[in-house]
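Hi,

Here is the structure I promised to pass on.

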Amino acid sequence: MLCREEGDYGRREVAKYMNGDLRQGTTFIGMLESPESAGGDTLVSSSVAAFKALSPRFRKRLEGLTAIHSNNDGVSQELKNGTGAVMRRKELVQEHPVVILHPVTKEKALYVNPVYTKRIVGFDQEESDYLLRFLFDHIAKRQDLQCRVRYEAGTVLVWDQRVTNHSQTLDYPAGERRHGFRLTPLANKPIPSMIEEDDGECAKDYARVQLDLC
């Protein structure tokens, strides 16, 4: 369920869904009740368009890079919510490509976000922070890559989590309800758009073999 609550820990966004794996696919959000005044919209942007908007040389430099992803921020927040809190998901640390290939459309897309992506593999921390900050801002601040979805009761929003970014606008009064549900099935393992060095693992990955990436 997705809702906004008032409680002992103040105003907070509560997302109660299982996230045992970061490989999420087609996502559905159904809105049962939206704020009476306004707000609580969802900003949606395309990671494919974000990648295409970069210069050709910069795109080439990003391909082949990998990054460490972790959900430890969300797990830590759940543990901070006080005694009796239920930890709904375990902590995961995974390595994923910075640029992925969609298994159906074969389009390239950025695969980083400020919630899960922690650092670029092989970069010093300062270098990694600088590059990730640029990519996060590029995705979040390019309004020409975004659309804004305004809800009413019964609205259903569908997107492909592998190549889409989304965020909620927290711009409605506390106490007004935004009540809905979210369904997110697991999808394929992220497919790198290219690999810098083949360590023999590519031929073992069915998806990459099918897409002639090896």
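To begin with the strands: in what order do they lie in the open sheet of 3 strands? The order is β10-β4-β12, with antiparallel pairing. Strands pair if DSSP finds at least two bridges between them, and strands themselves are DSSP runs (E, at least two residues; helices are H or I, at least four), numbered from the N terminus. β10 (146-149) and β12 (164-168) each have a single partner strand, so one side of each lacks a neighbour in the sheet. Strand β4 (residues 42-46) meets β10 over 4 bridges, and Val-44 has Cys-147 as its bridge partner there.

A word on the source: this is a predicted model, where local features need pLDDT of at least 70 and side-chain atom pairs count only at pLDDT 80 or more, while totals for chains, interfaces and linings use all residues. Residues are numbered from 1 along each chain as its sequence is written, and side-chain values use heavy atoms, with hydrogens and water left out.

Now helix α4 (residues 125-141), which has 17 residues. Its buried residues (under 20% relative accessible area, 1.4 Å probe, protein chains only; exposed is over 50%, partly exposed in between) include Leu-131, Leu-135 and Ile-139. The face turned away from the buried side carries the exposed Glu-126, Tyr-130, Ala-140 and Lys-141.

The whole structure holds 1 aromatic pair (ring centres within 6.5 Å; planes under 30 degrees apart are stacked, over 60 edge-to-face, the rest tilted). Phe-58 and Phe-134 have ring centres 5.4 Å apart and planes at 80°, so the pair is edge-to-face. Phe-58 is in helix α2 (residues 56-62) and Phe-134 in helix α4, 76 residues apart.

Best wishes

Conventions: The expected span of a helix is 1.5 Å times one less than its number of residues. Rings of Phe, Tyr and Trp (its six-membered ring) pair if their centres lie within 6.5 Å; planes under 30 degrees apart count as stacked, over 60 as edge-to-face and the rest as tilted.
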